[in-house]
Amino acid sequence: MRAALTMAVLALLAEGDRHGYSLLQGLRERGLGEVKGGTLYPLLARQQEANLVDHRWEHEGSGPARKVFQLTDAGRAELAGLRSEWHEFTSVMRDIIGHDRDGT
Amino acid sequence: MSYYNELCYYLRQRRLPEDRIADILGDVADAAGESGGGAEQEFGPPQKYAESFPKGSSRSLGSKVTRALFAALLVLMVGDVLLRFAGDQDVLYLLGVPVFFVAIGLFLVTVALGLVLDRRLPPGFQPVAEGRGRAGDA
């Protein structure tokens with residue numbers, strides 16, 4: 001699940017820059033269940049340390065600045081690699097468990 | 001004591017630098033403010049959340065002050081013992097107070113000061129009424 005979440009976060013950021021809470025909502029809306037901030041933010045911190053994700057501060061009116069996360073070039077390359085591995089893995093697994101051979 | 005003060009304390013116990021602590025608190029305030037729920041609901045107990053971050057190597061102000069005062073306490077106690085052996089007094093006084101009581105007072109002040117200092121919010125972080133705060137433009 002943790003590996004899938006890592007990939008899902010990178011994939012959402014590949015669609016566009018997002019605030020942390022927008023990422024949380026995106027993950028929940030896509031069906032990953034009740035992902036908590038306590039899970040997402042440490043993951044984002046690790047991804048930033050690995051230079052896969054970066055952030056900038058965005059000012060909206062007179063409110064406080066908000067952190068907006070964005071994918072780096074290294075993040076895009078990492079996502080491409082993870083996608084490839086994932087498709088290969090799911091293809092193999094579909095082949096193993098996908099057929100109802102004994103009719104059960 | 002607020003969630004943010006508690007989180008500060010445990011992050012400092014993990015020796016994270018102050019700018020990183022402000023950053024983490026900003027994220028918590030932002031997400032908690034957006035969700036409308038409490039910080040604890042979104043991030044879990046502060047101690048457990050702090051443990052999700054790797055340990056750093058920065059010594060907090062509370063820790064530095066505590067160490068300095070404990071060193072002073074040690075000097076005071078050793079001095080007390082040595083002077084008692086050297087002299088013929090049963091009880092030594094410091095500013096009119098028996099050294100033993102001064103030491104107890106210093107110990108209590110040290111512990112309390114360390115706790116207060118390590119629970120304070122970092123500069124630049126100000127949670128607002130609706131729970132949203134910011135860590136600054138670091």
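This is a predicted model: local features need pLDDT of at least 70, side-chain atom pairs count only at pLDDT 80 or more; totals for chains, interfaces and linings use all residues.

Reader: Which residue forms a salt bridge with Glu6(B)?

Author: Side chains of opposite charge can pair when their charged atoms come close. Here the closest N and O atoms are 3.3 Å apart. The partner lies in helix H6 of chain B and Glu6(B) in helix H1, so the pair ties together parts 113 residues apart in sequence. The partner is Arg119(B).

Reader: Is Arg119(B) buried or exposed?

Author: The cut-off for buried is under 20% relative accessible area. Arg119(B) has 17% relative accessibility, so this residue counts as buried.

Reader: How are H1(B) and H6(B) oriented to each other?

Author: Helix H1 (residues 3–13) and helix H6 (residues 99–119) of chain B pack with their axes 7 Å apart. The angle is about 105°. Angles of 65 to 115 degrees count as roughly perpendicular. The two helices are therefore roughly perpendicular.

Reader: How many charged residues are in the contact of H1(B) with H6(B)?

Author: H1(B) brings residues including Glu6(B) and Arg12(B). H6(B) brings Leu115(B), Leu117(B), Asp118(B) and Arg119(B). By class, the contact has four nonpolar and two polar residues, and the charged ones number four.

Reader: What area is buried between chain A and chain B?

Author: In this interface, 18 residues of chain A are in contact with 19 residues of chain B. Tyr21(A), Tyr41(A) and Trp57(A) lose the most area on the chain A side, together 33% of what that side buries. Carbon and sulfur atoms give 51% of the total, which is about 1600 Å².

Reader: How many salt bridges are found across the interface of chain A and chain B?

Author: Over all chains, the search finds 14 salt bridges. One pair joins Lys67(A) and Asp23(B), at 2.7 Å from N to O. Across the interface, the number is five.

Reader: Which residue pairs with Arg56(A) in a salt bridge?

Author: Arg56(A) sits in strand E2 (residues 53–58) of chain A, and the partner is in the loop between H1 and strand E1, 39 residues apart. The closest N and O atoms are 2.8 Å apart. The partner is Asp17(A).

Definitions and conventions
Residues are numbered from 1 along each chain as its sequence is written. Chains are lettered from A and ligands numbered from 1 in the order in which they are written. Side-chain values use heavy atoms; hydrogens and water are left out. Axes are lines fitted to C-alpha atoms, for helices over the stretch in contact, and angles run from 0 to 180 degrees between N-to-C directions. Helices (H or I, at least four residues) and strands (E, at least two) are DSSP runs, numbered from the N terminus. Angles under 35 degrees count as roughly parallel, over 145 as roughly antiparallel, 65 to 115 as roughly perpendicular and the rest as oblique. Contact means heavy atoms within 4.5 Å. Ala, Val, Leu, Ile, Met, Phe, Trp, Tyr, Cys and Pro count as nonpolar, Asp, Glu, Lys and Arg as charged, and the others, Gly among them, as polar. Buried area is the accessible area (1.4 Å probe) that two parts lose on being put together, summed over both. A salt bridge is a side-chain nitrogen of Lys or Arg within 4 Å of a carboxyl oxygen of Asp or Glu. Buried means under 20% relative accessible area, exposed over 50%, partly exposed in between (1.4 Å probe, protein chains only).
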